[in-house]
Amino acid sequence: MSGQSITDRITAAQHSVTGSAVSKTVCKATTHEIMGPKKKHLDYLIHCTNEMNVNIPQLADSLFERTTSTSWVVVFKSLIATHHLMVYGNERFVQYLASRNTLFNLSNFLDKSGLQGYDMSTFIRRYSRYLNEKAVSYRQVAFDFTKVKRGVDGVMRTMNTEKLLKTIPIIQNQMDALLDFNVNANELTNGVINAGFMLLFKDSIRLFAAYNEGIINLLEKYFDMKKTQCKEGLDIYKKFLTRMTRISEFLKVAEQVGIDRGDIPDLSQAPSSLLEALEQHLASLEGKKVKDSTAASRASTLSNAVSSLASTGMSFTKVDEREKQAALEEEQARLKALKEQRLKELSKRPSFATTDTSPVSTTGVTISTAPAIDLFSTPSCSNGALKMESDLFDIQQTFNPSMQASSTGLPVATAWAGYSTATQAPPPGALQVDFESVFGAKASGANNMESDDILKPTMVGSNQALCSINQLSDKLVGDDLDSSLANLVGNLGIGNGTTKK
C-alpha cells in the first residue's frame with residue numbers, strides 16, 4: 001500500500017471540520033504511506049509542545065489513538081512521532097508520558113495483512129517496549145538520561161555513592177530495551193523502520209555516554225565503598241562490559257546502513273586487569289585469601305581503566321556535538337530559505353507609492369497646519385461678555401460707523417431689536433424699514449396689519465432718513481436710558497409719517 005489512503009483523507013477532513021489542527025497533523029504524520037513521518041508535520045507537533053495553550057494530554061491521546069490501528073504502517077509511524085517529540089519536543093511532553101501508568105499496550109500487536117506486516121509487527125512490539133521504558137526511567141529519576149549534562153561536573157559524575165548505585169541500574173534497563181530492538185541491516189528495508197532506527201541510534205549514543213560516565217564515577221569510588229556496596233558495584237561493572245559488546249554490534253549495523261563513520265563513536269575497552277583488581281578487593285572485604293597487591297599497583301590499574309573509559313566518553317561527546325552542530329546548520333539554512341522566499345513575495349507585490357499623476361499625490365500642495373475651526377464649540381465667555389456689555393450699555397454719541405454691513409447696504413442693528421439706525425444714507429432704491437408701520441401708529445399701518453397680519457417692510461425716503469439720523473445724533477446725549485429712548489421715538493416721528501407701499 002502506498003500513498004495516502006481514503007481513510008487518511010477522510011480522517012483529516014473530519015479533523016478539519018472540528019477545527020482540531022493538532023489531531024489533523026497527527027493524522028497526516030501517521031498516514032498509510034510507507035515512509036517516515038514528514039518533517040513539516042513533526043516540526044509542527046514540536047512547535048505545539050512549546051505552546052502553552054496546546055493541550056499536551058490531547059496531543060498524546062491523538063498519538064495513542066493512532067496506535068489502535070490494524071495497519072503496521074500507521075502504528076509504527078505513531079511510535080516514531082511519539083519518540084521524536086520525546087527527544088526534540090518540550091520536556092512537559094515527556095513529563096506527561098511519565099505520569100501515565102501505561103503508554104503503549106502493543107506487546108501482542110500483529111498485522112496479518114501480509115508478510116511485511118508479520119515482520120514489522122515484531123519490531124513494533126520491541127520499539128513500543130523501549131518507549132515505555134524510556135518514560136518509566138524519566139518517572140524514576142525525574143530527568144532524561146539522553147539529555148542530562150555530561151562531563152567532569154555532569155550529573156552522573158558528581159552523584160554520591162548511594163544514589164549512583166540506584167541510578168545506574170535504571171540506565172541499564174533502558175539500554176537493554178533499546179538493544180533488544182535487535183535489527184540487522186537486511187531488515188531495514190523501508191522508510192518507516194529506517195526512521196525508527198535513526199532515532200534509536202541517536203538515543204543509544206547519548207544513553208551510553210551517560211552510562212559510561214556513571215561507571216567512571218563508580219570505579220573512582222569503588223575502593224572506598226562498604227562490602228555490600230562493592231558487591232553491587234562489581235555486578236554493575238560486569239553488566240556494563242556485556243552491554244559494551246552489544247552496543248558495538250548495534251553501531252556496526254548503523255555503519256552498514258550508510259551512517260557516516262565520523263558519526264559513530266569509538267569504544268575503548270577497559271583493561272581486563274581492572275576486573276581482576278575489583279574482584280580481589282571484594283574478596284578481601286569478605287575475608288577470603290587473595291594475593292597481595294600494593295596500593296600503587298591498584299591505583300595504576302584504576303587510572304588506566306578510567307582513562308580508557310574517559311576516551312570513550314569523549315568520543316561519544318564529539319559525535320553528539322557534531323550532530324548538534326549539523327542540526328544547527330540545518331536550521332539556519334531553513335531560516336535563510338524562508339527569508340529569501342519572503343523577500344521574493346514582497347518584491348512581487350505592487351508598489352503603493354504616489355506619483356505626480358496619482359489622485360492622492362501631495363506634490364506641490366501646501367498643507368495648512370493651522371488648527372481647525374470647531375463649528376460647535378462655545379465661544380469664549382470673556383469676549384462675549386464684553387461685547388454684550390458694549391452693545392447694551394454704551395450707547396453714546398461716538399457710535400462706530402465701521403460696524404455697519406457695508407457689503408449689503410443694510411443698517412446696523414443694535415442690541416435693541418426694532419430700533420435700527422444707519423450711519424450713512426443708503427443708495428437709491430435700497431430697501432428700508434418703516435418704523436411707523438412696525439409700531440402701528442398710522443392708520444395705513446393699522447390697515448396693513450388688519451389685512452395681512454404680517455409685518456411688511458416699507459420704503460422710507462432718503463431725505464427723511466438723513467433728517468432722522470441728524471436729530472438722533474443731537475438727542476442721544478442724555479445720561480438716562482429711558483429719556484434717550486423717548487427722544488428716539490419722538491425724533492423718528494412715529495404716527496406722523498406716510499406709508500409707502
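Is E220 buried, exposed or partly exposed? E220 counts as partly exposed because its relative accessibility is 39%, where buried means under 20% relative accessible area, exposed over 50% and partly exposed in between (1.4 Å probe, protein chains only).

The model shown in these views is predicted: local features need pLDDT of at least 70 and side-chain atom pairs count only at pLDDT 80 or more, while totals for chains, interfaces and linings use all residues. Residues are numbered from 1 along each chain as its sequence is written, and side-chain values use heavy atoms, with hydrogens and water left out.

**View A. The salt bridge of E220 and R157.** The side chains of E220 and R157 meet in a salt bridge of 3.7 Å, N to O. A salt bridge is a side-chain nitrogen of Lys or Arg within 4 Å of a carboxyl oxygen of Asp or Glu. E220 lies in helix α9 and R157 in the loop between α7 and α8, so the pair ties together parts 63 residues apart in sequence. Helices (H or I, at least four residues) and strands (E, at least two) are DSSP runs, numbered from the N terminus. The structure holds 14 salt bridges.

**View B. The salt bridge of D180 and R129.** In this pair the closest N and O atoms are 3.1 Å apart. D180 sits in the loop between α8 (161-179) and α9, and R129 in helix α7 (residues 115-141); the pair links distant parts of the chain, 51 residues apart. D180 is partly exposed, with a relative accessible area of 32%. R129 is partly exposed as well, at 42%. A network of salt bridges links R129, D180 and R246.

**View C. The salt bridge of E279 and K238.** The closest N and O atoms of E279 and K238 are 3.7 Å apart. Because E279 lies in helix α11 (residues 272-285) and K238 in helix α10, the pair ties together parts that are 41 residues apart in sequence. E279 is partly exposed at 34% relative accessibility, and K238 is partly exposed at 38%.

**View D. Aromatic pairs of F208.** Rings of Phe, Tyr and Trp (its six-membered ring) pair if their centres lie within 6.5 Å; planes under 30 degrees apart count as stacked, over 60 as edge-to-face and the rest as tilted. By this rule there are 11 aromatic pairs. One of them joins F208 and Y211 edge-to-face, at 5.9 Å centre to centre with 80° between the planes. Both residues lie in helix α9 (residues 191-222), 3 residues apart, about one turn of the helix. F208 counts as buried at 0% relative accessibility, and Y211 is buried with a relative accessible area of 0%. F208 also forms a stacked pair with F240, at 5.6 Å centre to centre and 20° between the planes. This pair links distant parts of the chain, F208 in helix α9 and F240 in helix α10 (residues 227-256), 32 residues apart. F208 and F240 are both buried.

**View E. F76 and its surroundings.** Ring pairs join F76, F123, Y127 and F181 into a cluster. Not counting residues up to four places away in sequence, F76 touches M120, F123, I124, Y127, F181, V192 and I193, contact meaning heavy atoms within 4.5 Å.

**View F. Helix α10 and the residue G258.** The 30 residues of α10 should span 44 Å, and its end C-alpha atoms are 44 Å apart, which agrees. The expected span is 1.5 Å times one less than the number of residues in the helix. Just after α10, G258 takes a positive phi of about 105°.
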